[in-house]
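User: I would like to go through some of the terms used for this protein model and see what each one rests on. Please show it first.

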Amino acid sequence: MILQLNKVSKSFGVDEILNDITFSVNENDRIGIIGKNGCGKTTLLNIISGDMPYEGGVCQTAKDARVGFLRQTGCEAMTTTIMEEMTSVFAPVFEIEKDLRRLEKEIAAENDEKTRDNLLNLYAKKSEMFEKKDGFLIKTKINTILTGMGFDKFDLNMKAEKLSGGEKTKLSFAKLLLEEREILLLDEPTNHLDFKTMQWLEGYLKTYRGAIITVSHDRYFLDKSVNAIYEIENTRMKKYTGNYTAYLAQKEKNLEIEKKTYAKQQTEIKKLEEYVAKNLVRASTTKMAQSRQKKLDKMELLERPVENNDCAKFNFDFEYPSYKEVLNAENLSVFVENKGEKRMLMKNVNFKILRGEKAALIGDNGAGKSTLMKTILGFYKNYTGEFEIGRNVEIGYYDQELNILSGDKTVFDEIYDRHPRFEESKIRTLLGSMNFYGDDVFKKVNSLSGGEKAKLAFLVLMLEKDNTLFLDEPTNHLDLASKEKLDEALKKFDGTIFFVSHDRYFLNKVATKIIELNENGIAVFDGNYDYYLEKKEQFGEKSVKAFEKEKKSNDYFENKKKQSQIKSLEKKMKACEEEILAVEQEIEITNKLLNESGADLEKCQELFETLGALNERQNTLYKTFENLEEELESAREE
């Protein structure tokens, strides 16, 4: 055990944040801490790191256990180069190396045998110390972590102070990993990281020699990197074994058990109370009634299980469906202007989105994902090539800047001005589904938190009832519970979704198609995020070209198969049509013979039976022809 907290509590003034926090951490534990914004997650990390005092309880770390802390904001000041920042971690090891170089010179120059032996012994000890501290692996370690954290294309001799805020945080993280502390505290570690870096980090942390405690809203990261979830709720903390997905299943199961246990106790209480009320006054049953009253008095009452009602309730619907082809982009290139000079942001963009697909646009930071979406929406005009939006396509747009909202309006007016026919009670009910209650509805939009604005923007979008949704980073600002509800609602949505997201859990749960934007154009993967990763790994460094080649090959054979199916159906339809014509001729001939038969009843009876069989055959052929026609139309649309 390298860390233990026992009944730790923390308050800010009269507000109690943490109460009776008790848990222990062993070497190599991987713990994820979750909870609503403001519940005390970062406060807990600050207590463990020793940066914040606490009122009650004990927080102890094992002797010689060093604590490393990656904070969300406010990384250390950096005055040297990127490489010097990294090598500073090994300053004591480099001092040993300097001693070794000095001793080598002294040994070479020393003539006295005894003094020389002493120097050799000292050199051996220093060498052993240097090797134990991985002195020979320093360069490899530094390069591995710098490459993994995305600094492989940087000039490592540039001053670290010239880096952006996000890059400085990444460099601080890289140094922290290099230090190999026994306890690693990570506060939102995937902020500022791209997909490639996050994937590398998840792999690296699996082999990290030490305990890791992570606060994160990145559900995919929690799934890949932790083996226990601690949830802070109402100042208390509860443990769930396993990763984030296991936590969701356990929490749901626990809630069902708590509901049943509570209902069972309430039934028992009711029975006992009824018995006491009926029998307490009767002389013959007074003692039994008193016994049951004692049982009631001693009973430890369970609290009513409460589901999380603070998360938003999403429901997306549309008035009418679009035609099958929703969006088609061909040879699209987008440009940006900087100081009067045009620069190509992307080229060779070719992709198609069909009705009902949930297509995710991914790519490196700065690749132009949001710009591509805005180009298709008509907000951005600097492009060449073509794109076509299909018939009956009605697009609803959610942008990450939340520009859909008017900052100077109240929450209520934001909905009322768009839907003046709605009664006040209906608007309040709708706003209540997004956690706006009472006087909250009269708050100015500008005064809302990021999460509140996001929920209001989604309500505006849902009320538009569009059959196609364009979503730019839809899970930003939302708490974990609301993200889960959004996932479920969008997954159930029968319309079409085209979205940009860095939320890999969301990508995995919602996307049915991944469109990767890269320097060469577009690569399309018909599956979710895990499928995309599988194919990228399968085809290695040349994944895009190799996958596209395989896909084109598959598409070729699929197309051949489809054309063969179409030809077969056309052939069957032609044969069916010819048979219908032949039957119609027979019916015409039979009718003519019937008219000529006159009073020959026996012949008339025979012709009537023939005519009935021909009419039945004609109806069957008509039905067959209609079915074949539908099959052919469907095959041509696919």
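Analyst: Here is the structure; note that the model is predicted. In helix α11, which spans residues 369-377, the buried residues are K369, S370, L372, M373, T375 and I376.

User: Which residues of α5 are buried, and why are they said to be on the same side?

Analyst: α5 runs over residues 138-148, and I138, K141, I142, I145, L146 and G148 are buried there. They cover an arc of only 165° around the axis, so they lie on the same side of α5. In general, an α-helix has 3.6 residues a turn, so residues three or four places apart point the same way.

User: What covers the buried residues of α5?

Analyst: The cover includes α2 (82-87), α3 (91-109), α6 (165-179) and α7 (195-206).

User: What makes β11 and β13 edge strands?

Analyst: They belong to an open sheet of three strands in the order β11-β10-β13, with antiparallel pairing. β11 (341-354) and β13 (383-389) each pair on one side only, and these are the edge strands. The twist averages 20° from one strand to the next.

User: How do you know that β10 and β13 pair?

Analyst: Pairing requires at least two bridges between two strands. One of the bridge partners in β13 is I389, which faces L327 as its partner. Helix α11 lies across β10, β11 and β13, running at about 70° to β11.

User: Why do β14 and β18 have a side without a neighbour in the sheet?

Analyst: Their open sheet has six strands, in the order β14-β15-β16-β12-β17-β18, and its pairing is mixed. β14 (395-398) and β18 (521-525) stand at the edges with a single partner strand each, so one side of each has no neighbour in the sheet. Here the twist averages 15° from one strand to the next.

User: How many bridges join β17 to β18?

Analyst: Five bridges join β17 (residues 513-518) to β18, and the two run antiparallel. At least two are needed, so these strands count as paired. In β18, A523 is the bridge partner of E516.

User: Which strands does α14 touch?

Analyst: Helix α14 (residues 450-464) packs on the sheet and touches β14 and β15 (468-472). The direction of α14 makes about 180° with that of β14.

Technical notes: Residues are numbered from 1 along each chain as its sequence is written. This is a predicted model: local features need pLDDT of at least 70, side-chain atom pairs count only at pLDDT 80 or more; totals for chains, interfaces and linings use all residues. Side-chain values use heavy atoms; hydrogens and water are left out. Buried means under 20% relative accessible area, exposed over 50%, partly exposed in between (1.4 Å probe, protein chains only). Helices (H or I, at least four residues) and strands (E, at least two) are DSSP runs, numbered from the N terminus. The arc is that of the directions from the helix axis to the C-beta atoms. Contact means heavy atoms within 4.5 Å. Axes are lines fitted to C-alpha atoms, for helices over the stretch in contact, and angles run from 0 to 180 degrees between N-to-C directions.
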